[in-house]
Amino acid sequence: MTLKKVLLGTACLTLLPFAAAAGDLASCKGKLPQLNVIGQGMPAVTALDAHLAEFNAKWGTEVKVSLLGENERRAKARLDASTGAGAYQVMYIDEANLAEYVTAGWVYPLADVVPADYDIADFRVDLSNVASSGGVQYFAPFVGGGDVMMYRKDILEAKGLPVPKTLDELVASIKAVNDPANKLYGWSARGQRGSGMNVWRWTPFFRAMGGEWLDGDVPVFNSEAAVKATELYIDLMKNAPPGVGTFNWSDSVEAFRGGQVAFLIESDVFGPWMEDPEKSQVAGKVGYAPPPEPLPSAGWAHGWAVSTVGAKEDCAKTIAGDFVGWATSKEMEQQRLAAGIASDIGRVSTLQSEAYRKAVPQEYIDALLATGPKTNLLIMANPAWPEIGDTLGLALEELFTGTRDDVQGALDEAVFAAEDSLSRVK
Amino acid sequence: MTRQRFIFLTLAPATLVLVTLALVSTGGALWFSVMNRALRSPDSEFVGAYNYLRLLRDKRFFNALEISAIWEVVTVAGTLIVAVLLAVLVHETVKRALWRNLICFAFLAPVLLPRVAAAFIWRFLYSPSLGLANWFAGLFGIGPIEFLADPKIALLSVAVVDIWQWGLFFTVILVKLLETLPQDPIEAAMLDNARTWEIHAFVTLPMLRGPIISLALVKAVESLRSFDLIFVMTGGGPGTATETLDLYAYQSGINLGGRISYASAMSILLLVVTTVAFTFIWRAGKKWSR
């Protein structure tokens, strides 16, 4: 074989993906009048609106994004796939329902649908891990991460308190700064029921106390550790704004942004929200640190996947896959940063970019890096989790709002219901 | 064409569509209720009465049943009381037609608001730290009141929104009905030196007994469909303090539970209970309105 032939062959192989893509474009353009996407109103999703015309023109289609609240989005997507309706080609997936979707075979592996030149390896490892099941990545994450402790630097300074490094120090500081008479509360947290609501924020406390979800196949989240975690959570809620028993994440974050709260442990994406001077009364006054020991950080990720039910046809699969690739590309992340959205970052290259360093305080980046090693998927990775999490969330909400006060009894009931949910999965 | 044939032919298409829709959905729900279909998997088996028997052991189901009954009583009674009192007040105090029409127009606004929009507005008004309701309460040294987070008052707080929407609407209807009443009995009562409240309690309102019972029935049916209002305002919480049957069916069937057969059994029971209850209420209503 001559050098010329080798070079020609190499060149052809290099160009093969582009040729294939050009072939897909030529054969599928105009074949799918509407690409239906089910989503949730995260900044990365709503920011796509400004660029959709570009994608529509490329494929001769019209992208229709249906935005729903978290629980409604989960319910509708599941209904669409399980009934075989297949109205949506692109699904918005998160850590709580990945196991269920993969077990049921409702989504394609990501590598099977995205364009050949798409850089999957550039995703943040913590997000890729959450987006994978059995070593296969199923969705392209555009937002996610772990937890970060946000605190009011000015309040701690005024009280002469150091930044808490342990949970005990945090509890003491929360109680020390709590001053309801002046509408300043030490703490805020999610109380509203739901696997992605109160259970999500309670879980790090549960795991920090040594709690485990299962012992073999048997649910054991009514252990002593769970009781202790719940009692501490309830105790901290006494230092929170009124109504905290039914707070969702938005209520909690807004209470902090509104200057009413001194300490908040929340998902790290909310860090940049605090620095927006137009919406935050505490911009420039917030410090960031990893959750104090021994609290772990709750790993999560949201992203796009292609539905096996909605995108059965080759062209639908190709266009849906290209949408996922386009919406989560490096270029799109840079465009979001340029538009002032620094909260939704899925790629390492974006975190390392100059634009990102300019958008957020260095202290926040340091906290993110320090939290990374503590970040794991803390929820039960099981297809029955949405139901188990919902039942547990209901029990916790009853305890947080004072509807009932027997912690052990409430957890026992949640475990009893979980046994049934798990047996149905088998 | 005879008159009877004409009536039959014009009613038949709409009746056929309605009956088909009702039968298909009810039949579908019945079928699902005897299977063990879950949204997680397309496979299912026949389980007979298992779902119904499980419901009879489900504390949350009985709680939802109780909440639904309380919701019906509070919203229907509240709406009618507010409507009657306001209608009498407007009828007695506002004599100029222009002002009366303007008030009626303003009273129509809440019911024209979509339920979800009304729910969001009131959710914000009720906010313990930022809401107007607590600001007012604070002026009198009360609060902060956790309207939607306190299990003792959450259902009542949501019911207030329902009564605000429908009570004002029914007020307009009653004001217009009061205007159409014959004046002779009222004048006779006035000649007998009856006081204003006596005239309304013993003359005008008994004359409106029929329409008021009809309004109560309309409201009772409407109150069964308050899913959107409760869902947006509390999601059934705190705990299960505002979880009505339709909300519980949604939570277990469509939302996170995915037990579509269990939810179908719940829907069928709800259908049976409401049909029986409304049959009795309808008969009693017909008797009272005579």
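Residues are numbered from 1 along each chain as its sequence is written, while chains are lettered from A and ligands numbered from 1 in the order in which they are written. In this predicted model, local features need pLDDT of at least 70 and side-chain atom pairs count only at pLDDT 80 or more, whereas totals for chains, interfaces and linings use all residues.

**Domains of chain A**

Chain A is divided into domain 1 (3–145 + 300–352) and domain 2 (147–298 + 378–425), with bounds that come from an automatic or database domain assignment. The C-alpha centres of domain 1 and domain 2 of chain A are 32 Å apart. Across the boundary, 15 residues of domain 1 of chain A are in contact with 16 residues of domain 2 of chain A; two residues are in contact if their C-beta atoms, placed from the backbone, lie within 7 Å. On the domain 1 side, the elements giving two or more residues are α4 (70–82), α5 (98–104) and β6 (140–145) of chain A. Helices (H or I, at least four residues) and strands (E, at least two) are DSSP runs, numbered from the N terminus. The residues on this side of domain 1 of chain A comprise five nonpolar, five polar and five charged. In this classification Ala, Val, Leu, Ile, Met, Phe, Trp, Tyr, Cys and Pro count as nonpolar, Asp, Glu, Lys and Arg as charged, and the others, Gly among them, as polar.

**Strands and sheet of chain A**

Strand β1 (residues 34–40) of chain A is mostly covered, with six of its seven residues buried. A residue is buried if 20 or more other C-beta atoms lie within 10 Å of its own, exposed if 12 or fewer, and partly exposed in between, with C-beta atoms placed from the backbone. Seven bridges join β1(A) to strand β2 (residues 62–68) of chain A, and the two run parallel. Within this pair, A:Leu35 has A:Val63 in β2(A) as its bridge partner.

An open sheet of four strands has the order β8-β11-β7-β12 (chain A), with mixed pairing; two strands pair if DSSP finds at least two bridges between them. β8 (185–188) and β12 (286–289) of chain A stand at the edges with a single partner strand each, so one side of each has no neighbour in the sheet. From one strand to the next, the twist averages 20°. Angles run from 0 to 180 degrees between N-to-C directions, and axes are lines fitted to C-alpha atoms, for helices over the stretch in contact.

Strand β7 (residues 147–152) of chain A is joined to β12(A) by four bridges, and the two run antiparallel. A:Tyr151 has A:Gly287 in β12(A) as its bridge partner. Helix α18 (residues 362–371) of chain A packs on the sheet and touches β7 and β12 of chain A, its direction making about 20° with that of β12(A). Helix α12 (residues 249–257) of chain A lies across β7, β8 and β11 (261–267) of chain A and runs at about 140° to β11(A).

**Contact between chains A and B**

The contact takes 29 residues from chain A and 23 residues from chain B. On the chain A side, α4, α5 and α19 (385–400) of chain A each give two or more residues. The largest share of that side, six residues, comes from α19(A). The residues of the chain A side divide into nine nonpolar, twelve polar and eight charged.

**Backbone features**

Most residues other than glycine have a negative phi, and most peptide bonds are trans. The table lists exceptions.

| Site | Feature | Value |
|---|---|---|
| A:Glu293 and A:Pro294 | cis peptide bond | omega about 5° |
| B:Gly237 to B:Pro238 | cis peptide bond | omega near -5° |
| A:Lys183 | positive phi | phi near 55° |
| B:Asn193 | positive phi | phi about 60° |

A:Pro294 is found in the loop between β12 and β13 (297–298) of chain A, and B:Pro238 in the loop between α11 (227–233) and α12 (245–253) of chain B. A:Lys183 is in the loop between α9 (167–177) and β8 of chain A and is partly exposed, with 13 other C-beta atoms within 10 Å. B:Asn193 lies in the loop between α8 (184–191) and α9 (196–207) of chain B and is exposed, with 7 other C-beta atoms within 10 Å.
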